[in-house]
Every structure is written in C-alpha cells, then in structure tokens.
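Colleague: Before we discuss the ligand, the pockets and the cavities, please put the structure up so that we can go through it together.

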Amino acid sequence: MKDIALRVQRVSPSLTLEITAKAKKMKEDGIAVVSFGAGEPDFNTPDYILRAGKEALDKGVTKYTPASGTIAIRKEIAKKLKYDNGLDYDFSQIVVSNGAKHALYNACMAIINKGDEVIIPAPYWLTYPELVKLADGVPVYIDADAKEGFKITPQQLKKAITKKTKAIIFNNPSNPTGAVYTKDEIIQLAKIIEDADIYVISDEIYEKLTYDDIEYYSIASYSKKLYENTIVVNGVSKSYSMTGWRIGYTACNATLAKAIASMQSHVTSNPNSIAQYATVVALESDEGEKFLRDMKKTFDERRKLISSLLSNAQIKYVYPQGAFYVMASVQETFGKTANGKVIKSASDFASALLESKAVATIPCESFGASGYVRLSYAISNDDITSGIQKMEQFIKELK
Ligand code: PLP
C-alpha cells in the first residue's frame, strides 16, 4: 500500500481525547464524574433561536444557499462587526463557514505557503498548530509567562518575527488561559505587527465573554493597515450557545475574501441553510442581548467561585478574565506518587485524578503548557465546588 500524505502524517493526535474517552466510559458505567472538560456553554440555545430554526424548516429553507452564506447573514454579520467592533466590511468580504474552526482552516489555507512561519502565542488552543501544519506552514511559539497573566509582551513578539514570518494567530480572550489583552496591550502588539507587515488571524470567538469591565478591542480596528492584514474569525458557537449549529465566519480584505470564498465553494459549499437562517435571527434580535447578559453573569459568578476555591486549596492558577476556562498549575505534584504511580506530567496528573476521584480535567501538553490542566467552569456551582474539593483532597493524599 502507498503511504498516506505527509500532510496528515504531521497532524498530532489529541492528548485530551484519551482522558475524555475515559471519563465518558466511567459515566456510562454509572460513576458520577465531575467534568471540567467542557468546551462549550452549558446553556440551551435560546428559545427565540430555536423557534427561528423551526421556522426555517417550515418555510422550506432547506436548499443550497450561496457558497459563502446568504446575503442576509453576511449583511447581519457586517452590521455586528460595525456595531461591536467599529469595523467596516461589505457583505462580500464575509465568508460564513461551518463553525469558527472551519473559518480558521480557510484562513490558514488562504495565506500560508510551504515553509511560512506562523507565530502562535503559547498556551494556545490545540487546533492552531495543526491547522498551520496542514497548510505546510511552520508554527513558531512564543511562551507567554504565567507571571504576565499568560500574555505575550511586545519584546517577545519583536524577537519572534523573522523574514519568514507570514502571520500571527491571536486569540483574545484565550482558550485555554482565559487571558484577555487590554486595548493598550493590543495596540503595543499592533504597532509591531504593522511594522513587520504580517497577517493576523484574529480569533475572536470568546469576544462576548470578558469580565471585570474589560473593553473588548479587535486588533483589526487599530489602523487601515491592520484592517487590511487581519482576518477576523468569529461565530455564534460560544456567544449564543450554538456550538452544534456550526456557524462561524471570516471577515477580511476583498482579495482574500474572494480567495476564501472560491476555495470554500469547492470544498464544503454553504454552511447549513437552517442554521444560517437562525443565526440571522440570533444576531438581529434584542433577545440576544438579554441572553448574553444572563450567561455572562452566570459565568462571572462561577469564575469567582472557582478562583476562590483554587486559592483556598492553594492550587496555583492565573486569574482568568475571559472565556470560561482557568489554568491550574500541577507541576508542584510532579515526582509525587498516586496509587503507586509517579506523576511525571499533566497527563499523568489528570489520569490519576480521574481514576482516584472521578474528576476530569484537560491536561495542557497539547496546549503548549505542560505543567497545567485546564478547568472549564461551564458547569454548575455544585460541580465546581465538589470537583475542586476532590482535587484538593487528591493533591493532599499524594505521597
Ligand atoms: N477558537 C477557539 C479558541 C475555540 O476554543 C473554539 C472552540 O472550542 C473554536 C475556535 C471553534 O469554534 P466553533 O465551534 O465555532 O468551530
């Protein structure tokens, strides 16, 4: 048999799959697992959006749409980008895809040539390096320091840029760290990016989930040049709790948008027509504001709860200001023993914690943070409380 393509051989298997599969099996076996693994809001899609989905079916909105999405959805997204981010896009500059992940894939495929370097601040969402590799690019990591709140500094960025740098993937707020850059911090980075004349893939999927009154700032709004060089990626998965509907998008300059649109027209064609219809309603209705306010308030309360529990348990973490994740340090446990096995990595820690206390966490080796586990607080207060208490107990019992 001939070899499979090098491109797919380069893609790394996800280390998180093993632990989530184990947690799932335990649940199926009737064990009450507290899972900090969730990557999505634990809210139903709001009723007004569900109604719109049903209406789409009743109206027969079940056929192909233009490959980049209907004019209605692209106009609604353009309105959102103007209203929320002060960015001017014609609807033709927007391509609606099957979730933000697909939009990120399109962005990478559209700008990366073989050997191009793409800067990825670490810790990062584990998909970024794989997308860069799929596009034959070379991921270049900048290690953001926990002491800097897991945010890269302008000096670090300057140092990482070479003649081969094509782009940076900038994720704000960040999965997995929950870090949020202030407007000022973004401007410092934007100046360097502008000088270097590189692209920015700006993943803004958690835009609506920032706390502590941080003003959200899209890097694309810094200057005309940054606007031209940025591919904004966003979607409705996290903000409207629509992860299963699969609607995300890119907004970028007209030339790139055309290239992305024609690529998508050959690969997937349009994203789901019913989901597109419901997304128009999600974005245009005033009910969205209320849903968002309530969801954000709940996440904020849980964020404070989990932070205080971690502090009380003397588990080190970086105070999160966005999304619904917090990174807890587990490197202090390395070298200790659980059930006769030495913990040498975050994966060892997560496996042993799951086996001993039925608490699932996401080890962060694949997120570029080998001494940490990611905890998602998209779960109930009760689960947060009992999960952290069990984690504390587990750490105390280590030999
Ligand atoms: N970007 C980040 C940082 C994410 O965490 C996720 C989902 O977990 C996505 C993009 C993908 O979003 P979607 O579900 O719309 O593909």
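Colleague: Which helix gives the most to the shell around the ligand?

Modeller: This is a predicted model, in which local features need pLDDT of at least 70 and side-chain atom pairs count only at pLDDT 80 or more, while totals for chains, interfaces and linings use all residues. Residues are numbered from 1 along each chain as its sequence is written, and side-chain values use heavy atoms, with hydrogens and water left out. Helices (DSSP runs of H or I, at least four residues) and strands (runs of E, at least two) are numbered from the N terminus. With four residues, the leading contributor to the shell is H5.

Colleague: Which residues come nearest to the ligand, and how many of the shell are charged?

Modeller: A residue belongs to this shell if one of its heavy atoms lies within 4 Å of the molecule, and among the 14 residues around the ligand the nearest are Ala100, Asp203, Ser237, Lys238 and Arg246. For the classes, Ala, Val, Leu, Ile, Met, Phe, Trp, Tyr, Cys and Pro count as nonpolar, Asp, Glu, Lys and Arg as charged, and the others, Gly among them, as polar. The shell has six nonpolar and four polar residues, and its charged residues number four.

Colleague: What share of the accessible area of the ligand does the protein cover?

Modeller: Polar contacts (pairs of N or O atoms within 3.5 Å) include one from a backbone N or O atom of lysine 101 at 2.9 Å to a ligand oxygen, one from the side chain of asparagine 175 at 2.8 Å, and one from the side chain of serine 237 at 2.6 Å. The ligand on its own has 400 Å² of accessible area, computed by the Shrake-Rupley method with a 1.4 Å probe. Of that area, the protein covers 93%.

Colleague: Where does the ligand sit?

Modeller: A pocket is found on a 1 Å grid over the protein atoms alone, as an open set of points with protein on both sides within 12 Å along at least five of seven lines, whereas a cavity is a set where a 1.4 Å probe fits but cannot get out; lining residues have an atom within 4 Å of a point. A molecule sits in one of these if more than half of its atoms lie within 2 Å of its grid points. By that rule, the ligand is placed in the largest pocket.

Colleague: What is the volume of that largest pocket, and which helix gives the most to its lining?

Modeller: Grid points are joined across faces, edges and corners, and a volume is the space filled by probe spheres set on the points; for the largest pocket this comes to about 970 Å³. Its lining counts 41 residues, of which Lys101, Trp125, Leu126, Thr127 and Asn175 are closest to the centre. Helix H2 (15–28), helix H5 (99–111) and helix H6 (127–134) each supply at least two lining residues. The top contribution, seven residues, is from H6.

Colleague: How many charged residues line the second largest pocket?

Modeller: The second largest pocket holds about 310 Å³ of space, and helix H12 (residues 287–312) gives the most to its lining, with four residues. Among the lining residues are Asp84, Glu207, Arg293 and Lys296. By class, four are nonpolar and one is polar, while the charged residues number six.

Colleague: Which strand supplies the largest share of the lining of the largest cavity?

Modeller: There are two cavities of 30 Å³ or more, and the largest has a volume of about 130 Å³. Of its 15 lining residues, Pro121, Pro123, Asn171, Ser174 and Tyr181 are the closest to its centre, and by class the lining has 11 nonpolar, four polar and no charged residues. Strand E3 (117–122) and strand E5 (165–171) each supply at least two residues. The largest share, three residues, comes from E5.

Definitions and conventions
Polar contact = N/O pair within 3.5 Å; in protein donor to acceptor, adjacent residues only side chain to side chain.
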